[in-house]
Amino acid sequence: MDLKTQEAALRTGPDVVVATPGRLIDHLHNSPSFSLSAIEVLVLDEADRMLEEAFKDQMNELIRLCAPNRQTLLFSATMTDQVSRFGLKQLDCGPSFNDFRQEFIRIRAGRETDREAIVSALVTRTFQENTIIFVKMKKDCQRMHILLGLLGLKAGQMHSSLSQAQRIDALSKFKRREIDVLVSTDLASRGLDIEGVQTVSFRINNVIFFRVSRQSTFQLKLDYHYGKLR
């Protein structure tokens with residue numbers, strides 16, 4: 001949508017505006033009838049990415065142009081240093097980690113090749129159902145999917161080489177409990193709400209993280225933080 005069309009839409013006084021930071025700032029500077037001086041709620045989705053270095057100046061400018069007494073909601077799939085610093089600086093209430101347990105296994109230097117065996121053992125012995133395993137690359141996803149199948153588990157996979165229809169089918173089967181384990185790249189790490197997921201495995205450097213909760217994976221309090229701007 002071009003700037004003139006957007007400017008005309010903003011003049012109608014919409015209740016909700018969904019925008020990228022750069023385009024919103026552009027209108028704040030160049031659309032005379034548009035401002036955020038009376039804004040009541042500012043929502044920052046994907047806050048961990050919004051607060052990366054590439055968007056840092058834009059976010060600071062956007063905060064400066066907003067009404068100081070608004071409510072600010074931050075939604076983040078990960079608790080990065082940038083999100084933590086922003087929350088402590090800008091929000092009245094800090095993050096809450098109630099009803100959350102995180103366990104991890106640290107792999108010793110020189111034993112990185114044991115990672116698949118460790119994950120497989122944990123899944124087959126302890127986390128046999130309602131489990132998502134996140135891997136970094138699609139080749140890892142394909143390999144782990146085959147390995148779990150050979151171990152007798154009903155597993156599905158999600159990665160960029162699959163068609164949209166295949167991804168939706170795998171996700172639907174996981175939701176219906178037709179498969180016990182879903183192996184995925186970061187395609188399934190954001191924007192999904194899957195009830196009843198008990199365990200999520202992350203592969204970060206030489207650490208295997210397991211997030212355990214009775215809540216939905218993407219409803220964990222670690223994943224979203226909110227408060228009012230000071």
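Contact here means heavy atoms within 4.5 Å.

## Basis

This is a predicted model, in which local features need pLDDT of at least 70 and side-chain atom pairs count only at pLDDT 80 or more, while totals for chains, interfaces and linings use all residues. Residues are numbered from 1 along each chain as its sequence is written, and side-chain values use heavy atoms, with hydrogens and water left out.

## The chain as a whole

The chain holds eight helices and nine strands, taken as DSSP runs (helices H or I, at least four residues; strands E, at least two) numbered from the N terminus. Of its 230 residues, 40% are buried; buried means under 20% relative accessible area, exposed over 50%, and partly exposed in between (1.4 Å probe, protein chains only).

Take the contacts between residues at least 6 apart in sequence: 69% of them join residues at least 24 apart.

## The core

The largest nonpolar core has 19 residues, and L36 and L62 have the most contacts inside it. Such a core is a set of buried Ala, Val, Leu, Ile, Met, Phe, Trp, Tyr and Cys residues joined through side-chain atoms within 4.5 Å. Two or more of its residues come from each of α2 (21–30), β1, α4 (56–65) and α5 (81–90).

Apart from neighbours within four places in sequence, L62 touches L24, I25, L28 and L36. In soluble globular proteins, nonpolar side chains tend to be buried together.

## Cysteines

The count of disulfides (a pair of cysteine sulfur atoms within 2.5 Å) is zero. C66 is buried, at 6% relative accessibility, and C141 is buried at 0%.
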